[in-house]
Structure formats: structure tokens, C-alpha cells
Amino acid sequence: MASSAPSSVRVAVAQFEPVWLDLQGTVDKTCRLLEEAAVGGAQLVAFPECWIPGYPAWIWTRSVDFDLSTAYIQNSLRVDSPEMQRICDAAAKHKISVVLGFSENHRDSLYISQVVIDADGIIQVNRRKLKATHMERTIFGEASGLSLKNVVELEGIGRVGALSCWEHTQPLLKYHTYHQNESIHVAAWPPLFAHGGGPDLWSMSSEGARCLSQTYAIESQSFVLHATAIISKSGIEKLGTGGGLVMNTPGGGSSAIFGPDGRLISEPVPETEEGFIFMDLPMADRLKSRGFLDVCGHYSRSDLLWLGVDDRDKTPLGS
């Protein structure tokens, strides 16, 4: 049975640089950050897309890089691994829940994945990005139906869900997630940069991504934890992105928190600086918005429009 709704939940949204292409180094840093977030009183911490071992930014510069791709496979995180267990143990030790974005290695195929770990260190949600975006498809595979089950009730926090990056452009996926009645949503993103006025897509910029997360908050009446990573000069050099389309200058941080009516309710961390955004979320604010807008309830027309879902797991050896 679900617990009664808390009046306030303290969260921490991460804006840090991973230890690029270093599984052990980024797991070490993750465990340190969980302790830091717990010391700050957080009950829930949100990490960016592909936090472990860092987003493969070189794919937007060159479609093939055998050396980096091999290193990326070697340093991606397996769900059933000692490294994941270390993160779960750290969550349990510090009594903190975690939404972790990572590159998942499953039999040396990679997936953009997220887990929700509860304060007892148990993985409650294990999902993959349904479809990798554009050049990401040179690295990552696609999810099956189980990844549609992306919201879970966490004791003392509420219903927490997660999507990754441009999944926030997918109307049907968003509606399915809304229908699971989130109170807090984690929107995981890579390093993001302001649009420079050129021919590149505004929707790929930090402004575009924030717009998507903000819209998600309005449509879902949930608090949205918008988590981004940063990249430094040394990271750019390691990934060889200095002459590329994106992630070619230091920065990329634009982490934020949006309220359930869409307003920005957090103060920014400078785009080149590491840090947490801590905030106590007044959970009753969801009801103020829900009274006006519930796209899965009183403000819907399910007699006219509805969504079909197949959330079965599909494997290469199906029966």
C-alpha cells in the first residue's frame, strides 16, 4: 500500500563532470556525490544522461571512432555488476534514493539507461531509452516494452519517474508516463549549450531542452528535475570534440528545477561549475495545478482519444 503523500521532499539535482571513459573513476565520484547529497539533507538525487562513463560526445563530430567506441564499451556499466552494487550500497548507507543515468553494457551492446534506486539500495526501475537520437544510433540500441514501466512509488518521496533527453519530445511516451501519476520527474540530459544563431537545431540547445522539460512539468503537473552534466577543456581533448558540432567548448551545465505549473523555481549553477541544486519541494503545489489541468483525468477525452500500449518484453529469442 502506498504511503501518505509527504508535505515536502528535499531533492538534489546534479551538475557535475564525469570521469570521462572511466567506469571505476565515475563510480567512485558517484558514491562521493551520494554522500555529499545526503549530508545536504537530500532524500532524492538526480543524475544526467549517460553520467557513467560520460556522454559519447564525439559521435556528433565523427560517426566512427574505433578507439573511443571500444573504450566506451569497456567502461559502460552493467546492471548486474560489482560497480552497480557499490552505487546501491552507497544509496543504502546514506539512506538516499537515486535516479542514475548511465550507458548500459549488456553483452557488449550498449543502451542509454536509467535506474531508480531506493533508500534501501534496491533497484526499483531499470529502463532504457526507447530510441536513441540521430547519431546516438551509431552507439546505442533500443528498448523493449519493459522500459515503459518507468515510474515507481518511493517511501517518503512519492511517485518518481524518469525519461532521457529527447524522449521529452515523444507525445505518446510522455502521455504514457503522465498516466503513471508522477509527483517528481527526472529529465536526464547531456551537457547542453546555448544556441549560437547558426543552422544547428535550436531544439538541441540548452534553451530548447529546458523548454521541453518545462513543458513536461506543465503537462504532467509534476516537479521536474532537469539534470545536465558539464564538460571541461580536458574532457573536450579526451573526446576530440574541439572541432565538432556540439560540446566543443567548456561548459554545458544548465541543471534546473521546474514547478508543476512550469515555472523555474531554482537558482542556476554557472554552466562551467560543478555543484548540486538543493531544494525542498512543496508537494501540495501539484494540487494547485492539478485542479486546473489533468491531461489523464478531468481535462482528457478518453471517449474520443486513447493510447494503446504493448509493454511486453521482446527478446531476440522470443517464444
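This is a predicted model: local features need pLDDT of at least 70, side-chain atom pairs count only at pLDDT 80 or more; totals for chains, interfaces and linings use all residues.
## Where H1 meets H3

On the H1 side, the residues taking part are Leu 23, Gln 24, Val 27, Asp 28, Thr 30, Cys 31, Leu 34, Glu 35 and Ala 38. Their partners in H3 are Glu 83, Arg 86, Ile 87, Ala 90, Ala 91 and His 94.

How are two packed helices described? By the angle between their axes and the distance between the axes. For H1 and H3 (residues 82-94), the angle is about 10° and the axes are 9 Å apart. Because angles under 35 degrees count as roughly parallel, H1 is roughly parallel to H3.

## A closer look at Thr 30

One of the H1 residues in that contact is Thr 30, so let us stop there for a moment. Thr 30 sits in helix H1, which covers residues 23-39. Is Thr 30 buried or exposed? Its relative accessible area is 0%, and because buried means under 20%, Thr 30 is buried.

Which residues does Thr 30 touch, leaving aside those up to four places away in sequence? They are Phe 47, Trp 51, Ile 52, Ile 87 and Leu 100. Of these, Ile 87 is also listed among the H3 residues that meet H1.

## The cysteines

How many disulfides are there, if a pair of cysteine sulfur atoms must lie within 2.5 Å? The count is zero. Cys 31, for example, is in no disulfide: the nearest cysteine sulfur belongs to Cys 88 and is 9.6 Å away. Cys 31 is buried, with a relative accessible area of 15%, and is one of the H1 residues that meet H3.

## Where H4 meets H5

A further pair of packed helices is H4 (residues 171-178) and H5 (residues 206-220). Their angle is about 45°, and their axes are 10 Å apart. H4 and H5 are therefore oblique to each other, and their crossing is right-handed. From H4, the contact is made by Lys 174, Thr 177 and Tyr 178. From H5 come Thr 215, Tyr 216, Glu 219 and Ser 220.

Terms used
Residues are numbered from 1 along each chain as its sequence is written. Side-chain values use heavy atoms; hydrogens and water are left out. Helices (H or I, at least four residues) and strands (E, at least two) are DSSP runs, numbered from the N terminus. Buried means under 20% relative accessible area, exposed over 50%, partly exposed in between (1.4 Å probe, protein chains only). Contact means heavy atoms within 4.5 Å. A disulfide is a pair of cysteine sulfur atoms within 2.5 Å. Axes are lines fitted to C-alpha atoms, for helices over the stretch in contact, and angles run from 0 to 180 degrees between N-to-C directions. Angles under 35 degrees count as roughly parallel, over 145 as roughly antiparallel, 65 to 115 as roughly perpendicular and the rest as oblique. A crossing is left-handed if the near helix is turned anticlockwise from the far one by less than a right angle, and right-handed if clockwise.
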